[in-house]
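Colleague: I'm new to reading protein models. Could you walk me through this one, feature by feature?

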Amino acid sequence: MDKGESIKSDLNSLLKDFHHPNPKINYQAYLNMVKYWPEESMLILLANLDDKDLAIRRKSVKAIGCFGKKALPPITFW
């Protein structure tokens with residue numbers, strides 16, 4: 001298994017990093033989520049918009065922005 005596959009196979013690890021307090025770790029986590037798990041991560045990030053924690057909501061908005069134009073249809077129907 002190469003490095004790309006090991007990153008791809010670990011969505012749970014990326015989600016843990018997404019919740020980490022360090023913004024650099026968050027940034028790398030959501031870039032990898034968008035790259036390797038776009039459909040799954042989009043659903044998770046959209047669900048986070050209803051989270052009680054304001055920091056999680058803000059991180060999710062930033063992460064959804066990384067999807068570019070692909071984010072518009074899911075946000076429109078959310």
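Modeller: From the N terminus on, the elements run α-α-α-α-α-α. That makes six helices and zero strands in the protein chain. Keep in mind that this is a predicted model.

Colleague: How much of the chain is buried?

Modeller: Here "buried" means under 20% relative accessible area. Of the 78 residues in the protein chain, 29% count as buried.

Colleague: Let's look inside. Which residues of the largest nonpolar core touch the most other members?

Modeller: General idea first: in soluble globular proteins, nonpolar side chains tend to be buried together. In this model the largest nonpolar core has 16 residues, and Phe18, Met33, Met42, Leu45, Ile64 and Phe67 are the ones touching the most other members. At least two core residues come from each of helix 2 (11–18), helix 3, helix 4 (38–48) and helix 5 (54–65). Take Ile64 as an example: beyond its neighbours within four places in sequence, Ile64 is in contact with Met42, Leu45, Leu46, Leu49, Ala71 and Ile75.

Colleague: How do I read a single helix? Which residues of helix 4 are buried?

Modeller: List the buried residues, then look down the axis. In helix 4 they are Ser41, Met42, Leu45, Leu46 and Asn48. Seen that way, they fall within an arc of 150°, so they line one face of helix 4. The face turned away from the buried side carries the exposed residues Glu39 and Leu43.

Colleague: What do the buried residues of helix 4 pack against?

Modeller: Their partners are helix 2, helix 3, helix 5 and helix 6 (72–77).

Colleague: Let me try helix 5. Which of its residues are buried?

Modeller: Ile56, Lys59, Ser60, Ala63 and Ile64. They cover an arc of only 135° around the axis, which puts them on the same side of helix 5. Arg58, Lys62 and Gly65 are exposed on the face turned away from that buried side. As for packing, the buried residues of helix 5 meet helix 2, helix 3, helix 4 and helix 6.

Colleague: What caps the N-terminal end of helix 5?

Modeller: To find a cap, look for a side-chain oxygen by a backbone nitrogen at the helix end. For helix 5 the cap is Asp53, with a side-chain oxygen 3.0 Å from the backbone nitrogen of Ala55. Helix 3 has its N-terminal end capped by Asn22, where a side-chain oxygen lies 2.8 Å from the backbone nitrogen of Lys24.

Colleague: While we're on helix 3, which residues are buried there?

Modeller: Asn26, Ala29, Tyr30, Asn32, Met33 and Val34.

Colleague: Let's pick out Asn26. Why does it count as buried?

Modeller: Compare its relative accessible area with the cut-off. Asn26 is at 5%, and buried means under 20%. Asn26 sits in helix 3 (residues 23–36), and a polar atom of its side chain lies 2.8 Å from the backbone oxygen of Phe18. Not counting residues up to four places away in sequence, Asn26 touches Asp17, Phe18, His19, His20, Pro21 and Lys59.

Colleague: And Asn32, buried or exposed?

Modeller: Asn32 is buried, with a relative accessible area of 13%. For its place in the fold, compare sequence with space: Asn32 and Leu14 are 18 residues apart in sequence, yet 7.4 Å apart C-alpha to C-alpha.

Note on methods
Residues are numbered from 1 along each chain as its sequence is written. This is a predicted model: local features need pLDDT of at least 70, side-chain atom pairs count only at pLDDT 80 or more; totals for chains, interfaces and linings use all residues. Side-chain values use heavy atoms; hydrogens and water are left out. Helices (H or I, at least four residues) and strands (E, at least two) are DSSP runs, numbered from the N terminus. Buried means under 20% relative accessible area, exposed over 50%, partly exposed in between (1.4 Å probe, protein chains only). A polar contact is a pair of N or O atoms within 3.5 Å; within protein, one must be able to donate a hydrogen and the other to accept it, and residues adjacent in sequence count only if both atoms are side-chain atoms. Contact means heavy atoms within 4.5 Å. A nonpolar core is a set of buried Ala, Val, Leu, Ile, Met, Phe, Trp, Tyr and Cys residues joined through side-chain atoms within 4.5 Å. The arc is that of the directions from the helix axis to the C-beta atoms.
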